[in-house]
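Me: Please take a close look at one part of this structure, the open sheet, and then go on to the aromatic rings. Plain wording will do.

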Amino acid sequence: IAMGKIAAHAILVGKSSKNIGIVAFNARRNPADRFSHQLFVQVKNYQKSAARVHLLVSTGSVLPETVPLEIGPGETAQYIKKGLPAAGEQMTGRLVTAAGTGALDDFPLDDVAYALLPKREKSKLLLVSPGNLYLEGVLLLDEENISYTRIMPAAYTAEVAKRYDAVIFDDFTPGELPPTGNFLLFDPRGDASPVKILRRVKDPEIWWPQSDKDRRHPIMDFIRVKDMRTLESSVFEAERGDHPLIRLDERGDVYALARRSGGRRLVVVGFSSRQTNWVLRVGFPVFLLNTIAWFSGENTRLIHTYRTGETWTLPVEATGLSVQVTDPSKRTFTVPVKDGQVSFYGRHIGFHTITTERGLRFQIAGNLANPQESDITPRKAIALGYGPHIRTLSPPELKADTARSRMSARTVIFTVLLLGVGLLLLGFGLYGGRAAALWVFLGLLLLAVATLVVAFALELPPWSGFLLAVVILLLTEWLTYNRRVTV
């Protein structure tokens, strides 16, 4: 923006830079051990001197673990905790002084942070196959979290599939898939394929390295398929919203994809596990375990907590039209479900509970997690514009924060209340007459307006503020009626 001759001035606010805050507090499932988690914490010192603090990390009702930290001026300390249990616990991190007493700093909002270790249920799988050691060997790798049953393709029915969390079809294409559930198909064929097949290709080339982390699907984490070979494969038609998993290149033929629609999660692989060298690489068991984790809503990526002051969008497995959200202040509100997602504004730090119409509940954690907002050091210069149009404000355009330059909302409300009471007393002092009634009426009106402002500041429902205003009017009318002041 070219400022030109536009007159501008800035008022600098703040008087303290004493702050040490938690700027990152995240957890993820341990890639090497699916039954444990890792915790990642970052603490930054915004002061001009070194500081010694204690980080208290607690899981559920377990006594907190004390981590002493010594952080230099402007430096950031990191703490990583491994081997945390995957028991669906709430994790809390809190900064305290090294002595354990007294206030830590002047900005307590970032001295506490929250994270969730999501629960993990044992997955019940159905393998529809005449027998395949490549698949069954992988399922036996994680017996603590996976139990599977194998049946012949001729014994498969939709009713049988409903008893399991996920179904794997090994070179078998059922006539029709149930509308809900989790399904992995190897080499589906014909019109019964749940994903449209464009053509079959011999000895397809696969060069897509999938190095872009931001576009990689969780199923393909820790997997490279470059130079993988297979005798033949189907080429699928990817629809909008599909996630290609294996393809020729970034825009080429799609040989495997993931699709999520309604209550169904679907993964299709265009080739047989018996006709590829992929099963001899470590990427194949990782692919299968990642797919099962995705079916159950899990992943090994960093489980980021949500940042307050932003609109939060998260997927939900809800069949109704809305969900109920309860924030840390115990306030409950309704959020509509659209395309399997809900969006709402994150206002408070702490744990938020989402409840579906069927009574299913899950939680998310919200933190300040904003290094810029945690930096409470008063600014000494203000720059407006960008590039060649940048303009730095300096005295007299740059002014200090004084009492004359600002008036708080509390001061305004207090002034209105005093003015209202003063007008009421003036009306009572005149005792009768049109002037007295007018002053009393104006005083009541100011008191009612102040009541409404206070109600909205406390985030009370609007109708409660109006009711309080009406109660004040009625009480005053009742008390003064016989005096013929407000009649």
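**The open sheet and the aromatic rings**

Reply: In this predicted model, four strands make up an open sheet in the order β5-β4-β7-β8, and their pairing is antiparallel. At the edges are β5 (65–71) and β8 (112–116), each of which pairs on one side only. From one strand to the next, the twist averages 20°. Strands of a sheet pair through backbone hydrogen bonds, in either a parallel or an antiparallel way. Within this sheet, strand β4 (residues 51–59) and strand β7 (residues 90–97) run antiparallel and are joined by seven bridges.

Now the rings. The structure holds 13 aromatic pairs. One of them is Phe-169 with Phe-172: the ring centres are 6.1 Å apart and the planes stand at 45°, so this pair counts as tilted. The cut-offs behind that word are under 30 degrees for stacked and over 60 for edge-to-face. Phe-169 is buried, with a relative accessible area of 0%. Trp-294 and Phe-295 also form a tilted pair, because their planes are at 40°, with ring centres 5.9 Å apart. Both Trp-294 and Phe-295 are buried.

Trp-294 has a charged neighbour too: Arg-265 lies over its face, at 4.9 Å from the ring centre. In another such arrangement, the charged end of Lys-124 sits over the ring of Tyr-164, 5.7 Å from the centre of that ring. Finally, one aromatic cluster is formed by Phe-186, Phe-271, Trp-278, Phe-284 and Phe-287.

Methods: Residues numbered from 1 in each chain as written. Predicted model: local features only at pLDDT ≥ 70, side-chain atom pairs only at ≥ 80, totals over all residues. Heavy atoms only, no water. Pairing = 2+ DSSP bridges. Helix = DSSP H or I, 4+ residues; strand = E, 2+ residues; numbered from the N terminus. Axes fitted to C-alpha atoms, helices over the stretch in contact; angles between N-to-C directions. Phe/Tyr/Trp six-rings, centres within 6.5 Å; stacked < 30°, edge-to-face > 60°. Buried < 20%, exposed > 50% of the residue type's maximum accessible area, 1.4 Å probe, protein only. Lys NZ or Arg CZ within 6 Å of the ring centre and 35° of its normal.
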